[in-house]
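Keep the structure open as you read.

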Amino acid sequence: MDVRVDVLVVGAGPAGLALATRLAQAGAGRVEVLEREQHAGGMPYHLHHGGFGRPPRPWLDGPAYARRWVRDAVDAGAAVRTGVTATGWAGPLCLETTGPAGLERITARAVVLATGARERPRSARLVPGSRPQGVMTTGELLRSVHQHALPVGRRAVVVGAEPVARHAAAVLRGSGTAVAAMLTEHPYAAAVPGVPLLTRTTVTELRGRGRLTGLAIRHRDGRTGLLGCDTVVFTGDWIPEHELARRGGVPLDPGTRGPRVDASFRTEAPGVFAVGNALHGIERAATAAREGAAAAAPVLAHLEGAPWPQPGPALEVRAPLLWVTPNRITGTAGRPLLLRSGAPLTAPVVTATQDGRTLWRRRLAGPASPSRSLRVPPRWTVRADRTGGPVVLTLG
Amino acid sequence: MTVTRSGPLPDSGDPYDVTVVGAGVVGSAIARALARLPLRTALIDASDDVGSGTSKANTAILHTGFDAVPGSLESRLVRDGQRLLASYAAQSGIPVEPVGALLVAWNEEQLAALPALADKAVRNGYRSARILAAADVRSREPQLGPGVLGALHIPDESLICPWTTTLAYATQAVRAGVHLHLNCPVLSVTPGEPHTLTTGRGPLRTRHLVNAAGLYADDIDRFLGHADFTVTPRRGQLIVFDELARGLLRHILLPVPDARGKGVLVTPTVYGNVMLGPTAEDLDDKTDTGSTAEGLALLREKGRRILPALLDEEVTAVYAGLRAATGQEDYAIRAHPRQRYVTVGGIRSTGLTASMAIADHVVDLLAEGGLPVTGAREPDPVRMPNLGEAFPRPYRDAAMIAADPDYGRIVCHCERVTRGEIRDALASTVAPASPDGLRRRTRARGGRCQGFHCGAAVRALFEEARR
C-alpha cells in the first residue's frame, strides 16, 4: 500500500515524540511516528526508576514519562503507530514498512531518523571464551525483568560503571540476583554500596558450557582472577541504531557512528533529518527530547521550501576526544555542541581550530569524563569559514 | 513421529534394524537415506539438538570439490554430493547462493601455485576454473587490500545454510518414521547380535550400527575393537560481521593453500553477513569451543590484509567450532561387514557438501553387511522455512502477512524474524531445545544487537512454548 505523509518520524522515543508533538502543534500537516516495538516511548519505557521529567518536578518514573510523551504527541495530532518496522528505502524519501496489517510504502516530504541507540554486545567487544547462556546487555536485562518477568540468574557481574551500569546493578538486585562485582577498565568510577568495584579491570574470558560459570579478569597491573557468576551484563558502549541511515546512503560520522548532521539536524541526504540518541549513543532522555523539539523549526523550514544547505566544513575531533555533534557547520549553531572524551581530565581546555586558525578556546567548568558529554557553547561557530577546511576540536 | 529428549528410551521389544550415532549433518543425511527403506531406524545424539556439534560451526560453503585430492573418496563424494545437495536444496527450500569463489594470490609463491590448482580442479572433474589477472580480480572485488597479484576463479562455489540442511534431513527422516533420540550419549557398546549400546538414557539394541559421531567417532570405534584413527579436535574460530558489511564483497575469498596450510577465508553468508575465519588449532579437549584473544587477533590481522574495510564494521558474533581431524588426507569411512558396522570418520569441512553422497555410500556399505535394502520409496518432500537473505522472507511477503498477521509482527529487529516464524519453529517436527536452537532455525537474536532489543521477547516465547 502506498501512503503519503508530510513528516515521517522513525522511532517513538523522547526525541521522535518531542519533535512530532511540536510539528503537529505547528500544523505541519500529517505527522506520523513509526515504532517497531509494541510500546511507544523508547528506552524510558523500560526504566522503572524516578528522575524523569522537567525540573522542578523531576519525579516521574520512566514508563510514566514515556506515556506522557506519547499522549502529548497524540493530543497534538500526530499519528503514533507501534509494531510497524521501517525495513528499507524505496526512494530518497520513501520508506518500506512491515507490520501485522501488511507492507506499506510511506512517502514523506521530510523523514526524521530517531532510531535511538543500543549497547554493544559481548561479541562486538570481542570478549573471548565460550558462548554460554546468561550473557546480556542492560537492554535485555530491563526487558527481561520489567516486561516479561523472566528469571535472570543467581549471581551476576556487571561490566561497566557508568550510570547505566549502576542502574543494571539495582535492577539485578531488585529481581533477586546478587551482584558479585562491577568492573570497569577506567581508573575510577562511582561504586554502588555493597557491590565491590574493580577498576582498571577487563574481562579476558567467559567460561561455562550451557550456562555461564564465571569470568576470567585481568587488572592493568597484570593481576588476574576468576569471578564466579551465572550472569554477566555488558553495559554502556552505546552505538546508534544506524541501519536505516546506512541502507538509505545517509553518510555517518566516524566518531559517533550516527548520521552526520549540521546544527539544524539536517543529514547530508536532502529531506532527511536525524535526532536524539541515533546521533551519538546514549544521552539523558531530556537531552534527546530537547534535540527533538529543537529540530521542529528546521523541519518546518524545510516543509516551507527552505533550500537544503551544502554540507559545509566538517567538525572533527582529535584524541582523547571521541566525537562531537553536530558534525558539520552550515550556519551558526544555536544549541551547545556535545563533545565526548575517551579519557578523564580534571580541567579540560577545549580548542577549536580551522586551517591553523584558532576559532575558540576555553577551559571548561567541570571535569571531562568518558561517561558524560561536555557541552560546548555554540556562538563561536559563527567565526568558522563556511568554505574552509575541517574545524578541529582538541582537548588538553 | 518420534523425537525424544529425556527419560528411558522407548523399548518395543525388537531391536532397531539400524542405529546411527551422531545427528550432525552426516548422521542426519544417513538417517534420511535409511528412512527410504522399510526398516526400524534410530538416530541418536549426545546433545539436545541435531547439528549442534561440528555441523553448526561449518564455513557454510557448498563446494565444487575442485581442490580435493584427485582420486580420493572425498573427491568423489564431494563431487556427487554437491549435485545431490544442490538439487535437494532447491526442492526443500534450503537457501543456496551461487556467488563463486576467488583464490586470491597475494605473493609470487601463491601466484605460481594457481596453474597447478587449476589443473587439480580438472583432475577432480571441475572444468570451469579460470586464472584471472590482477586487474580483473580488482574489478570484481574493488575492496580487496593492496598487493593482489591474481586469482583462480571458481564460479560454482556457493553459499548454503548448514543449519537448515541438517534440520531438513532430520525432519524428513523423523516424518518418515526414524526415531530421533537426543540427550542420548553412547557410554559403551557391547558388540553382538544385536549390538547393545549403553546410553545415558538406558540400553539400546540394534542389528546394524553406523558411527557418525564426529569428534567422538574414534571412541565409538574402540568400543567395537577398532583403532584405525584418532580424532584430534582442530579448533576453528570465526568472526561474523554485521549485515551492513555484505556490500564489501561479492565472492567467497579463499586463500591459496600453501605449505602453512589452508588459511583464513572471507565469505559472505546466506544470512546476508560476512564471515572471517577459521583459525586452525589442534587441541586435546573435544569440548573446547571457546574463542581466544590470540585467535581473534590473528583473524583480524588476516582480515585487514584481505578486506581492510571489513575491520571497521561491527562484529555480530564470534564463535569456534571443532573439526574432526584424523591426520589422514581422506575421509575415514570404514565398513566392518561381519560386525554389521560402518564408521564414518574424519569428515571435514566438505562433509556438508558431501553429506548426501556419503549417506548413499554408507547405505551401500551397510548392505554389504547384510542390511536389507529393498523396497525403497522416496519419503515425502520437506519444505523448510527460508533463512536466506537472497530469497523472500516472511517479513517482506504481503501474501503471507495477509493470511497470517503474525508474519508481519517482527520480534527480532536486526534479523527481521517474525513472531509467526518463531511460533512455527517452536511447533516444528524437530523443535528447538534451547534459545540457541531457536536461533539456528529462525535467526532470532542472531543479529547485531544480540538480544538488546529482542532477547527477552524471544526467550519469553521460547519459555512459553516449553510450558
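In this predicted model, 62% of the 467 residues of chain B count as buried. The chain is built from 12 helices and 23 strands. The C-alpha trace of chain B spans about 70 × 55 × 40 Å along its principal axes. Take the contacts in chain B between residues at least 6 apart: 74% of them join residues at least 24 apart.

Now turn to chain A. Here there are 7 helices and 24 strands. The radius of gyration of chain A is 22 Å, close to the 21 Å of the globule rule for 396 residues, so this chain too is as compact as a globular protein of its length. Its C-alpha trace spans about 60 × 55 × 40 Å along the principal axes. Of the 396 residues of chain A, 56% count as buried. For contacts in chain A between residues at least 6 apart in sequence, the share joining residues at least 24 apart is 59%.

Next comes the contact between the chains. Chain A contributes 45 residues and chain B contributes 46 residues. The buried area is about 3900 Å², with 51% of that area from carbon and sulfur atoms. Between the two chains there are 20 residue pairs in polar contact, counting pairs with both residues at pLDDT 80 or more. Which elements of chain A supply at least two residues each to the side that touches chain B? Several strands do, namely β4 (85-91), β5 (94-99), β6 (102-113), β7 (117-119), β8 (135-137) and β16 (238-240), together with the helices α3 (138-147) and α5 (243-247). The largest share, 4 residues, comes from α3(A). By class, this side of chain A has 15 nonpolar, 15 polar and 15 charged residues.

E241(A) sits in the loop between β16 and α5 of chain A. Is E241(A) buried or exposed? Its relative accessible area is 8%, under the 20% cut-off, so E241(A) is buried. Its side chain makes polar contacts with partners in both chains. In chain A the partner is the side chain of R118(A), at 3.2 Å. In chain B the partner is the side chain of H453(B), at 2.6 Å. Leaving out residues up to four places away in sequence, E241(A) touches R36(A), T115(A), G116(A), A117(A), R118(A), R448(B) and H453(B).

Charge pairing is the last topic. Side chains of opposite charge can pair when their charged atoms come close. The whole structure holds 52 salt bridges over all chains. Between chain A and chain B the count is 6 salt bridges. In one salt bridge, the side chain of R448(B) meets that of E243(A) at 2.9 Å, N to O. R448(B) is also among the residues that E241(A) touches.

Both residues of that salt bridge belong to a network of salt bridges. The linked residues are E243(A), R247(A), D242(B), E243(B), E389(B), R393(B), E415(B), R416(B), R443(B) and R448(B). Within chain B, the side chains of R443(B) and E243(B) meet at 3.0 Å, N to O. This pair links distant parts of the chain, 200 residues apart. R443(B) lies in the loop between α11 (435-442) and α12 (455-466), while E243(B) lies in the loop between β14 (232-241) and β15 (252-255). R443(B) is buried, at 3% relative accessibility. E243(B) is buried as well, with a relative accessible area of 10%.

In helix α11 of chain B, D436(B) and R439(B) are 3 residues apart, about one turn of the helix. Their closest N and O atoms are 3.4 Å apart. D436(B) is partly exposed at 28% relative accessibility, whereas R439(B) is buried at 12%. In chain A, R105(A) and E96(A) form a salt bridge of 3.8 Å, N to O. R105(A) is partly exposed, with a relative accessible area of 40%. E96(A) also counts as partly exposed, at 27%.

How values were computed: Residues numbered from 1 in each chain as written. Chains lettered and ligands numbered in written order. Heavy atoms only, no water. Contact = heavy atoms within 4.5 Å. Buried area = accessible area lost by both parts, 1.4 Å probe. Salt bridge = Lys/Arg side-chain N within 4 Å of Asp/Glu carboxyl O. Polar contact = N/O pair within 3.5 Å; in protein donor to acceptor, adjacent residues only side chain to side chain. Nonpolar A, V, L, I, M, F, W, Y, C, P; charged D, E, K, R; others polar. Buried < 20%, exposed > 50% of the residue type's maximum accessible area, 1.4 Å probe, protein only. Rg over C-alpha atoms; globule rule 2.2 N^0.38 Å.
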